[in-house]
Amino acid sequence: MVQDRRIVALFIGSISLLAFIIGGPLIYAVMLSFYSARSFMSEPEWVGLSNYIKVLQDPLFWNSLTNGLTIALSSIVLQVVLGVGIAMVLNKRFVGQTIARSIAILPYFLPTVVACLVAQWILEPNYGLVKTALASIGVGMLDWSSHAFTAKGTIILVSVWLWTPFVVTCVLAGLQTIPTQLYEAARVDGAGAWTQFWHITIPGLRSVLIVVILLRGIWMFNKFDLIWLLTKGGPLNQTETLPTLAYRKSFIEYNLGGGAAVATISFLLLSGVILIYLRLFPIDDAKQGR
Amino acid sequence: MSIYIPGRVRMAVGLSGMTRRNFLKSAAAVGAASLAAPAVVRAQSGVTLRFLNNETSVASQAALKKACDDYESKFGVKIIVDSSPISGTMQKVMAAVAAGQPYDIMTSGFIAGILEYIHAGAIVPVTDLVKKYDWGKKAAWEYQGENWYYPFDYNLVVNYYRKDLYAQKGLKIPETWDDFLKNCQALTVVNGGNVDVGGCVIPLASDSSTNWASFGNMFAEGAELFDKDWNVVFDQGENADRATRFLDFYGELYKTMPPGMNAVSYAQLMSLFATGKAAHSVYSGRLVEALETTNPELADKYGIFPSPGSTGQKALSYAFDGFCVGKSNQSEEAIKFLQWFAEEHYVDWLLSAWMNNHPARLDIYENERWKSHPMIKKHWNTMMTMKSYIEGDNIKIMAIDTSGPSIDMRACNVFNANVMPEMLQQKVLGNASSADCVAATAQRIRSVI
Amino acid sequence: MKSHVERLPVDSSRQIPEREPIRPRSSLQHGSKVQESTFWKPFKKLSAKIALYATVLVICLYSLFPIYWMIISSLRPAERLFLDTSLVFWPPDLTSYVSLFRQTNYIVNFLNSALMAVATITVSLVLSAFVAYGATRLRFRGKTMLVASMLFAYMFPPLMLAIPMAAAFRTIGLTDTLWGLLIAHLAISLPLAVWLLWGFFKSMPFDLEEAAMVDGCSQFEAFIKVVLPLSAPGLITVAIFSFLLSWADYVFALILIMSDQRKTLPVALQSLLGAHDLRWGEVLAGASLIALPLFVIFIFCYRYFVAGLSAGAVKG
């Protein structure tokens, strides 16, 4: 096929612009991690790997890494399990199905800032709805922001509420593509609901789930705003994750090099994990290749 | 990554190409037009000053806007006011400098911030302007022989208490830690395992509000961070004992505080007291304003007292609010404006937060217009009590960022790194022993200075 | 928000209706139970129905309630805001909204946000369409790599991309401008957009374009006249994702925008909370007003959104 010059030109133009917009800052940020810049004002000074050494020796870094992994993993597992469950229910035929589906997807449309405000409002330990409701049945409410476990739990809870709908939507879309004949055949063979779910639904959703977990994994691991708005990394750095640590270093300690080093390490770690993930769960089409 | 279309969905959408193209075209046109708007503003001729204001109450913003409009109509100098909540002001000032668009004037709540600005070369001194007036205790502080800002209030952190509850329980204004603790315990209401009404609120979150409001009792006890030669002595000799005692005391007080203290900052300190969820709170005069607007009933039932030490010493924490002038080729214009503002609109500005803006400039106390403001009149006793705190010598006026023998970056670093708030967290959230907290804190102080 | 924990067991009960057709079959093999089974059948069907509707109801409550609570709280008068936890509130009190408009540049912030969203949608649609189409139809090495590399853009903490951007914008004079913010929003929306559209174009058979080209179109014209209109669901999905990413962005706006006149909604809203006084009423009113346009758009676009997703987005 003849290649249209305009297509080629527009492609090259667009891709260069894209590379410039995304690649530029990325490279700059990585470079910054080799410099020491005490503040936004001072001239940066080349320090080689010293930012990395400092970061890796800082117990707070390892603490943040494990916190981040705990939060991201538990949140993703819950999102996926709950998301598949909700999608299975909403995939059934019932009156008001469209409305129910819209409602179930609604939270995904809320900006993170709004979701965090609503969560803080509802969970406010002195006048919040949960506190009042619990008090009316004589139960005390946990001071969630003061304990590591509940603070992490709240972050996970809000992220699950906010992003499960993404999983629901994708799984619903995936369910459409599983031929109904498969289920009919299974029924003829006397397979129970559980067997059907395990042997037809899950394999049918496999490719969707691989992509969904991939995307959600990347996004959850790099989540900054949700955690910062809910706990600011507290109590006692127990919900500090790599993105909040990078922010703390850059904007509170004015240690831009340190912040960039944290971000770069986080980037490398995540890239590594994703590459392994893609090796384990190849996304079909890489094989088909076009 | 395979992303394929099953045939059946492909044609599903009936949005015609025509409509979409038109939509995109007009959207692009609107976008381009509005994106260009800011550039037009900047291209205007004449001087334009940029003012960063962290006094974000409606009245203060209105007073400032009025002053700016007035100035523009008289002198043709336009002033653009940006606002920032107090908790993010410093970051914003620094970011603006870094971005090459420094503010010409900014309000600043903490000396810790001002010293950062000085070191970043972001502001110029306003010594001549400051020297024209008579100032209250400490207000005309100098650094490197210059005055770096024009203060307008003290922000003394006083302890608020509920007169009605004190009367009910027959309590007296506390003179010592024991008194205070007993009062707090007596007023705590526990319900279903939760503190329903807190005995007191003294913040511990990692932010400036804690640095500002939580250490009055420690100051009264006389625990010093530094000696005369800037050695860290917080964990040594008598200081260590005092600090340890203070933490023990704070640990006991914490048990009477309402839940969620880890998220309590400026706003919550006020709202907890104003909604009756705490029987004591620490704050500046602004809490009185909050009572008047949100719960007027309580506005007749509050009283104030200075922070006690363990055996009756007294101290108060403070943090001036004031104006700084940014370093740029417009600095002179900015100083001119500030001078005019200090003459023409200062009283209006102060009255826009009538109780919070507890004047640092002494001539204001004689100003008829200021004195005759109905709210100042109504709360005259409180205002005069606060004035007495800055006059006598029996009450220490101290702050974390001005600890040590002189105003210095070292104390400010301790403030900005939230070392002291984290000490409180270690004590009550991390359940560490007071002595360990003090030792760890002294170590942190050594590392951040 | 608590309820999701309780939901898990319900999910398995959802399986009941599917079990129905199977039970009788297996019981046929044990002849004695036939009678009983047919007798209970209607009841089982009914209880399955009830279980299904109950589950759906719980899902809807769980998704909707926090939003409902936000809106209803914003309609309470300030003095009752902290004390009142009734589930219904009437008559609504608009004080918080009035005061929100009085003390903030809400309308300006709203327009900024809307402008950003429209611009982000437009530019990312155009650019991603060219990139995705090129990546599927042009012949060159490493096409899959190219698209896979889009993902890497999301692996660097977005916050740390904002700092270099701020520095770069300083040198080219885009500091504190919406142009700068637009570039940032494109950086977060483009990779996903390219990825989604690539899936679309790739699955679209060449035959269609070839037919058009036989009729005398150039490839470019075929792309514009044939491929794009057929990709409408994909384009709409991309538009919606771009909109969401831009409209909800807090991080970039926080760092790149300084003046009040150029703040977008999320940042303006958050700055209400950091102030001296607690304005929950206004904050909740503002939050409701941010959510509202989303819901309106959602109602209109939901169908296309799901169609687009099923068509391309996350297909394996």
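**Exercise 1: Chain B**

Of the 449 residues of chain B, 52% count as buried (20 or more other C-beta atoms, placed from the backbone, within 10 Å of the residue's own). The model is predicted: local features need pLDDT of at least 70, side-chain atom pairs count only at pLDDT 80 or more, and totals for chains, interfaces and linings use all residues. Residues are numbered from 1 along each chain as its sequence is written, with chains lettered from A and ligands numbered from 1 in the order in which they are written.

Task: State how chain B is divided into domains, and describe the contact between them.

Solution. 
1. Domain 1 comprises 20-155 + 319-391 and domain 2 comprises 156-318 + 393-448, with bounds from an automatic or database domain assignment.
2. Taken over C-alpha atoms, the centres of the two domains of chain B are 28 Å apart.
3. Domain 1 of chain B contributes 28 residues to the contact and domain 2 contributes 27, where contact means C-beta atoms, placed from the backbone, within 7 Å.

**Exercise 2: Chains C and A**

Task: Determine how many residues each of chains C and A brings to their contact, and which helix of chain C gives the most.

Solution. 
1. Chain C supplies 85 residues and chain A supplies 90.
2. On the side of chain C that touches chain A, helix α16 (residues 280-313) gives the most, with 14 residues; helices are DSSP runs (H or I, at least four residues), numbered from the N terminus.

Terms used: Two residues are in contact if their C-beta atoms, placed from the backbone, lie within 7 Å. Helices (H or I, at least four residues) and strands (E, at least two) are DSSP runs, numbered from the N terminus. A residue is buried if 20 or more other C-beta atoms lie within 10 Å of its own, exposed if 12 or fewer, and partly exposed in between; C-beta atoms are placed from the backbone.
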